[in-house]
Amino acid sequence: MNYEFNAEFARRLDEQDELKYLRKEFLIPQHNGQDAIYLCGNSLGLQPRAAADYLAEQLKVWESKAVEGWFEGDAPWLSYHKQVATLTAPIVGALNSEVAIMNSLTVNLHLLLVSFYKPNKKRYKILMEAGAFPSDQYAVESQVKFHGFDPADAIIEVSPREGEYTLRTEDIILAIEEHKDELALVLFGGINYYTGQFFDLQAITKAAHQAGAIAGFDLAHAAGNVPLQLHNWDVDFACWCSYKYMNSGPGGISGIFVHEKHHGNDKLPRFAGWWGYAEEKRFLMAPGFHAANGAQGWQVSTSPIMLLALNKASLGIFTRAGGIEPVRKKSIALTAYFEWLIKNINLKHGEDVFNIITPVDPDARGCQLSLICRHKAREVFNYLTQHGVIGDWREPDVIRLSAVPLYNTFTDVYNAAVCLYEALNKLKMNNL
Ligand SMILES: *Cc1c(COP(=O)(O)O)cnc(C)c1O
């Protein structure tokens with residue numbers, strides 16, 4: 001497409017946007033009496049307008065039925081989590097039985113590692129991307145130590161080549177092959193939180209399996225952002241949070257995926273709790289754990305109904321959008337325009353002030369763009385914030401901006417680009 005750097009062009013793109021009606025399903029934060037330009041859905045998605053009603057509905061059940069709410073009404077709490085799992089499954093490309101909605105993300109990562117990281121003397125290593133999200137690093141380190149291994153020896157990190165910011169799939173596969181006799185697990189982010197790189201999960205899974213290892217993914221930045229085919233890709237396990245691209249509120253509930261092929265395996269170790277017990281017999285309260293079928297068998301504690309309600313409110317929007325595919329289609333267009341605008345700012349300034357480290361290939365990224373700012377990065381970021389453009393900052397010089405197709409517009413990214421341009425002009429003019 002022949003893009004243009006002007007408001008009228010952005011407005012025309014908005015007009016043609018088939019998903020434009022979804023924005024009004026969200027509450028947009030305000031800045032000086034106007035909608036802020038919120039480009040931070042990679043950290044916390046916006047509040048669905050329906051969220052308050054979904055919460056109120058469950059508060060009402062609690063009020064009017066109290067404990068009977070578990071068994072009575074249109075959506076008894078006892079099986080409420082299943083409705084949320086069913087709404088989530090198509091977004092991550094899973095069978096309904098492969099998804100459970102429970103706990104928080106890092107907690108779930110630990111629970112899944114208990115089941116799927118089963119090191120022995122020969123195979124005990126975990127291969128990860130260098131610079132994985134800190135919580136994942138801590139989780140993996142502590143799991144390795146828990147099994148009596150030394151993280152410095154047991155954790156292999158794959159780094160970008162000299163002078164590059166993102167990983168090449170061929171290098172990931174080579175690293176897996178190189179360590180194939182010692183690998184217990186390949187654990188990657190779906191999309192790296194820092195660079196925005198979307199890894200080739202299918203290729204990584206295949207290589208892991210060829211090496212005789214398990215393939216697991218943390219999809220915090222991928223779920224609700226890019227279409228996934230976890231079942232068809234033969235991924236062993238995955239987990240994600242729902243507060244980033246799934247818009248379920250701060251600290252919102254997490255989801256897990258366990259591939260069907262592992263469901264019948266009662267030799268998998270797991271940390272059990274009564275909510276994972278075979279449903280028909282759960283309330284017999286008998287000794288001895290019998291896991292429920294499927295991913296549900298990994299549940300531990302009583303479902304947090306309020307968090308599930310918030311997740312359900314948000315998932316309804318994906319359903320109304322027609323699923324993740326049309327959302328992704330808009331996302332690709334939105335991010336492509338944003339990328340062009342940023343490159344155009346570089347042209348206007350006659351130098352590459354903004355170095356986009358996120359891959360250029362749309363298949364290798366989601367909606368996030370990570371920019372290294374070569375001129376007064378922190379000041380540029382502060383200027384954005386002061387002018388109502390909400391992104392996020394990562395030391396030492398990276399600005400992350402995500403145009404989320406459910407609620408951001410082409411005008412949003414245009415206005416954000418104008419703000420970036422003005423920030424540079426002001427800072428340069430004042431020789432700051
Ligand atoms: C956001 C994020 C987390 C956060 O985990 P919580 O347990 O929800 O705090 C963990 N891992 C990755 C990769 C993330 O992007």
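Helices here are DSSP runs of H or I with at least four residues, and strands are runs of E with at least two, both numbered from the N terminus. By that count, leucine 307 sits in helix 9, which spans residues 305-321. This is a predicted model, in which local features need pLDDT of at least 70, side-chain atom pairs count only at pLDDT 80 or more, and totals for chains, interfaces and linings use all residues. Residues are numbered from 1 along each chain as its sequence is written, and side-chain values use heavy atoms, with hydrogens and water left out.

**The ligand and its surroundings**

Let us begin with the ligand. Which residues are found around the ligand? They are Leu105, Thr106, Phe133, Asp136, Asp218, Ala220, His221, Tyr243 and Lys244, where a residue counts as near if one of its heavy atoms lies within 4 Å of the molecule. By class, this shell holds 4 nonpolar, 2 polar and 3 charged residues. In that grouping Ala, Val, Leu, Ile, Met, Phe, Trp, Tyr, Cys and Pro are nonpolar, Asp, Glu, Lys and Arg are charged, and the others, Gly among them, are polar.

| Side chain | Ligand atom | Distance |
|---|---|---|
| Threonine 106 | oxygen | 2.5 Å |
| Aspartate 218 | nitrogen | 3.1 Å |
| Histidine 221 | oxygen | 3.1 Å |

Taken alone, the ligand exposes 390 Å², and the protein buries 83% of that. Accessible areas come from the Shrake-Rupley method with a 1.4 Å probe, and for residues only the protein chains shown count as cover.

**The loop between strands 11 and 12**

Lysine 244, one of the residues around the ligand, belongs to the loop between strand 11 and strand 12. Its relative accessible area of 7% makes lysine 244 buried; buried means under 20%, exposed over 50%, and partly exposed in between (1.4 Å probe, protein chains only). Lysine 244 and leucine 44 are 200 residues apart along the chain, yet their C-alpha atoms are separated by 4.6 Å. Contact means heavy atoms within 4.5 Å. Leaving aside neighbours within four places in sequence, lysine 244 is in contact with Gly41, Asn42, Ser43, Leu44, Gly45, Phe133, Ala220 and His221.

Serine 242 lies in the loop between strand 11 (237-241) and strand 12 (254-258). Is serine 242 buried or exposed? With 2% relative accessibility, serine 242 is buried. A polar atom of its side chain lies 2.5 Å from the backbone oxygen of isoleucine 253. Beyond four places in sequence, the contacts of serine 242 are Asn247, Ser248, Gly252, Ile253 and Asn311.

At a relative accessible area of 30%, leucine 307 is partly exposed.

In helix 7 (residues 169-178), the buried residues are Asp171, Ile172, Ala175 and Ile176. Seen down the axis, they fall within an arc of 140 degrees, so they line one face of the helix; the arc is that of the directions from the helix axis to the C-beta atoms. The face turned away from the buried side carries the exposed residues Leu174 and Glu178. The cover over the buried residues of helix 7 includes strand 7 (125-129), strand 8 (155-158), strand 9 (183-189) and helix 8 (201-210).

Helix 11 (residues 377-386) has Ala377, Val380, Phe381, Tyr383 and Leu384 as its buried residues. Their arc around the axis is only 155 degrees, which puts them on the same side of helix 11. Among the elements they pack against are strand 14 (368-373), strand 17 (398-402) and helix 12 (410-429).

**Backbone details**

Most residues other than glycine have a negative phi, and most peptide bonds are trans. Asparagine 103, with a positive phi of about 50 degrees, is in the loop between strand 6 (99-102) and helix 4 (105-116). Aspartate 234 has a positive phi of about 70 degrees. A cis peptide bond, with omega about 0 degrees, joins glutamate 395 and proline 396.

Note on methods: A polar contact is a pair of N or O atoms within 3.5 Å; within protein, one must be able to donate a hydrogen and the other to accept it, and residues adjacent in sequence count only if both atoms are side-chain atoms.
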